[in-house]
Amino acid sequence: MRCVVQRVKNAKVEIEGRVNGEIGVGLLVLLGVCDDDTDEDIRWMADKIINLRVFTDDNDKMNLSLQDVDGSLLVVSQFTLYGSCKKGRRPNFSAAGKPEFAKEMYEKLINICRQQISCVETGEFGADMQVSLLNDGPVTLIIDSKE
């Protein structure tokens, strides 16, 4: 499981011109799943996202988590995180999880996060989405459960 986490002032995902999910201060998570991901990967990733200390404290140090700042979470599926550009000029997405499996894993991660975070918004798995955000910092991290 792989994700790109961005600390945001606000973010939203639109599908066919309608807002599907929108948050204020929090984290935007672009999530990719591969076929060998397990429930352990999901639990590890959810814990990492929720407890990642990327928000600043009173001393301007990144020392606070999403829970500490009562922040929101926007999770968007993104199979292209498993794209390989090693050969040729067209990305190869064969490492991305099969759609049915990836959707199940995506939904499991969202459910775990909803048990601990009061506001969890989402995109729509498999949809053509437009994501907009105001990155705060900027703070952008890549997290892989296998590394």
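Apart from residues up to four places away in sequence, Asp144 touches Met1, Arg2, Trp44 and Met45, where contact denotes heavy atoms within 4.5 Å. The structure is a predicted model, in which local features need pLDDT of at least 70 and side-chain atom pairs pLDDT 80 or more, while totals for chains, interfaces and linings use all residues. Residues are numbered from 1 along each chain as its sequence is written, and side-chain values use heavy atoms, with hydrogens and water left out.

Asp144 lies in strand 8 (residues 130-144); strands (E, at least two residues) and helices (H or I, at least four) are DSSP runs numbered from the N terminus. Its side chain forms a polar contact of 2.9 Å with the side chain of Arg2. The side chain of Asp144 also reaches the backbone nitrogen of Lys146 at 2.9 Å. A polar contact is a pair of N or O atoms within 3.5 Å; within protein, one must be able to donate a hydrogen and the other to accept it, and residues adjacent in sequence count only if both atoms are side-chain atoms.

Lys61 is placed in the loop between strand 4 (55-56) and strand 5 (62-64). Beyond four places in sequence, Lys61 touches Phe55 and Thr56.

The table gives the accessibility classes (buried under 20% relative accessible area, exposed over 50%, partly exposed in between; 1.4 Å probe, protein chains only).

| Residue | Relative accessible area | Class |
|---|---|---|
| Asp144 | 9% | buried |
| Lys61 | 53% | exposed |

The buried residues of helix 2 are Ala102, Met105, Tyr106, Leu109, Ile110 and Cys113. Viewed down the helix axis, these residues fall within an arc of 140°, so they line one face of helix 2; the arc is that of the directions from the axis to the C-beta atoms. They pack against strand 3 (26-32), helix 1 (39-51), strand 6 (72-77) and strand 7 (120-122).
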